[in-house]
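Visitor: I have a structure open and would like to learn how to read its features. Could you walk me through them?

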Amino acid sequence: MSLDTPRTETRRERLTAHEALQRLEHERASRLTQLRAIGEAGPAAEEQMMSTQKDTIRRVLTEVEAAITRVQDGSYGVCRNCSGPIPVERLEILPYTPFCVPCQRDAA
């Protein structure tokens, strides 16, 4: 390939619904597995740490479920704050995020 050969591959701006659902299903399965593992750890585990982990996992699971709903209603990949597109790179890393990076920073 020479430098004057045009690139035929363009950068994707959005994940397909199928790709998004695959990533979200993986995230959901991971969180459910984590919750089961914590549940099986039993009472000998440090209660406070386990409670905090469970709360965090449940929060992420809720975010994953909300993202699945956004895929289904067609609003997945659109920032809930500014209505701009969420970059596909961000969705590949954090598939359940409802915000673009600037809006996430503002919310924090």
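Visitor: Where does UniProt place the zinc finger region?

Guide: The unreviewed UniProt entry puts the feature "zinc finger region: dksA C4-type" at residues 79-103. UniProt positions follow the numbering used here, feature names are shortened, and annotations may be inferred rather than shown by experiment. Residues are numbered from 1 along each chain as its sequence is written. Please keep in mind that this is a predicted model: local features need pLDDT of at least 70, side-chain atom pairs count only at pLDDT 80 or more, totals for chains, interfaces and linings use all residues, and side-chain values use heavy atoms, with hydrogens and water left out.

Visitor: How much of residues 79-103 is helix and how much is strand?

Guide: Helices (H or I, at least four residues) and strands (E, at least two) are DSSP runs, numbered from the N terminus. Here the span is 36% helix and 0% strand, and its end C-alpha atoms lie 8 Å apart.

Visitor: Which residues have the most contacts inside the largest nonpolar core?

Guide: A nonpolar core is a set of buried Ala, Val, Leu, Ile, Met, Phe, Trp, Tyr and Cys residues joined through side-chain atoms within 4.5 Å. Buried means under 20% relative accessible area, exposed over 50%, and partly exposed in between (1.4 Å probe, protein chains only). In this model the largest core has 17 residues, and L24, V64, Y76, C79 and Y96 have the most contacts inside it. Helices α1 (17-41), α2 (47-73) and α3 (88-93) each supply at least two of its residues, with α2 giving the most, five. Another core of five residues lies apart from it, including L35, M50, I57 and L61.

Visitor: What does Y96 touch?

Guide: Contact means heavy atoms within 4.5 Å. Leaving out residues up to four places away in sequence, Y96 touches L24, E27, R31, V60, E63, V64, A67 and R70.

Visitor: How many salt bridges does a search of the whole structure find?

Guide: A salt bridge is a side-chain nitrogen of Lys or Arg within 4 Å of a carboxyl oxygen of Asp or Glu. The search finds four. One of them joins E25 and R28 at 2.5 Å, N to O; these two are three residues apart in helix α1, about one helical turn. R28 also bridges to E65, with the closest N and O atoms 2.9 Å apart. E65 lies in helix α2 and R28 in helix α1, so this pair ties together parts that are 37 residues apart in sequence.

Visitor: Which residues do salt bridges with shared partners join into one network?

Guide: E25, R28 and E65.
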